[in-house]
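Subject: Structure for you to look at

Dear colleague,

Please read the notes with the structure open beside them.

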Amino acid sequence: MAARTLINVPQKARRGEIIQIKTLISHIMETGFRHDNVGKPIPRDIITSFVCTYNGEEIFKAALYQAIAANPFITFHTVATGSGTIAFQWTGDNGFTQEASAKITVE
Amino acid sequence: MGIGNTTQATRREFLAATAGAGALLMVRPAQATPASMATAIRQVVGEAHVKPGKIKLDLPPLVENGNTVAMSVAVDSPMTAKDYVKAIHVFTEKNPQPNVISIQLGPRAGKAEISTRVRLADTQQVVAICELSDGSFWSDKVDVIITLGACLEDLP
């Protein structure tokens with residue numbers, strides 16, 4: 001099931017500039033601690049890992065747990081080293097994977 | 001008019017009382033961290049000594065809805081190839097599971113500053129720990145008051 005993602009990366013940056021990256025993905029992040037209306041436990045369904053690569057090099061990695069709110073929103077920073085692609089990958093329970101990428105021009 | 005004044009007075013009293021209670025909670029002495037959080041922290045830091053400082057955990061002190069709480073963590077570090085933040089971990093005291101997020105960074109980050117949204121089940125203490133490239137660990141603690149906890153109605 002494809003999830004919607006929203007990525008905010010500046011299109012242009014100066015070389016060496018520190019840029020902020022904002023990411024949002026639609027995901028229920030079901031904790032596994034809740035029960036449905038007949039008392040049956042709702043199985044856990046969360047995103048467990050988020051990785052960001054800049055031109056193939058890993059720059060940021062996060063392990064997520066149940067305490068992350070639904071629709072995980074993560075912001076972080078990186079140094080704009082060169083033009084290219086910043087790619088994002090989320091993986092989670094029940095074989096969930098989602099990828100997204102953004103282009104950046106560095107001058 | 002008279003009635004309005006009375007309600008206002010009672011509300012003022014109520015607010016004053018609750019604010020007082022909140023202040024009491026805020027200044028409560030550092031308590032022993034619950035075992036599960038301590039274990040989770042031990043798993044990350046090993047035998048290393050965790051010192052207070054360098055890291056700043058930012059959470060609102062009073063939260064209306066624990067289902068989404070904006071949280072940001074910043075570490076005071078030059079982020080150079082020799083001196084950078086390797087990892088940031090966040091833990092909670094009273095959530096059913098002590099881990100919140102574990103982040104791995106490198107000198108490429110430029111700035112060790114992240115933010116996300118978390119769930120908090122109850123009024124509790126949240127702890128952020130960072131690991132620097134020299135192997136030292138630093139921590140910051142924040143007390144948060146939650147009026148409506150994240151949905152965990154059937155806790156074991």
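From the N terminus on, the elements of chain A run β-β-β-β-β-β-β-β, which is to say that chain A holds eight strands and zero helices, where helices (H or I, at least four residues) and strands (E, at least two) are DSSP runs numbered from the N terminus. This is a predicted model, in which local features need pLDDT of at least 70 and side-chain atom pairs count only at pLDDT 80 or more, while totals for chains, interfaces and linings use all residues. Residues are numbered from 1 along each chain as its sequence is written, and chains are lettered from A and ligands numbered from 1 in the order in which they are written.

The C-alpha trace of chain A spans about 60 × 20 × 20 Å along its principal axes. Of the 107 residues in chain A, 30% are buried (20 or more other C-beta atoms within 10 Å of the residue's own, with C-beta atoms placed from the backbone). Among the contacts in chain A with a separation of 6 or more, 58% join residues 24 or more positions apart, a contact being two residues whose C-beta atoms, placed from the backbone, lie within 7 Å.

Turning to the interface, 23 residues of chain A are in contact with 29 residues of chain B. On the chain B side, β6 (99-104) and β7 (113-118) each supply at least two residues, and by class that side has 11 nonpolar, 12 polar and six charged residues (Ala, Val, Leu, Ile, Met, Phe, Trp, Tyr, Cys and Pro count as nonpolar, Asp, Glu, Lys and Arg as charged, and the others, Gly among them, as polar).

Strand β7(B) pairs in the antiparallel sense with β6 (residues 73-79) of chain A over two bridges, pairing being called where DSSP finds at least two bridges between two strands. In these bridges Thr75(A) has Ser115(B) as its partner, and Ile74(A) has Thr116(B). Strand β7(B) also pairs in the antiparallel sense with β4 (residues 69-75) of chain B, over six bridges, and there Ser72(B) stands opposite Ser115(B).

Lastly, the largest nonpolar core has 59 residues, of which Ile68(A), Ile88(B) and Ala128(B) touch the most other members; such a core is a set of buried Ala, Val, Leu, Ile, Met, Phe, Trp, Tyr and Cys residues joined through C-beta atoms within 7 Å.

With best wishes

Notes:
Buried ≥ 20, exposed ≤ 12 C-beta atoms within 10 Å, placed from the backbone.
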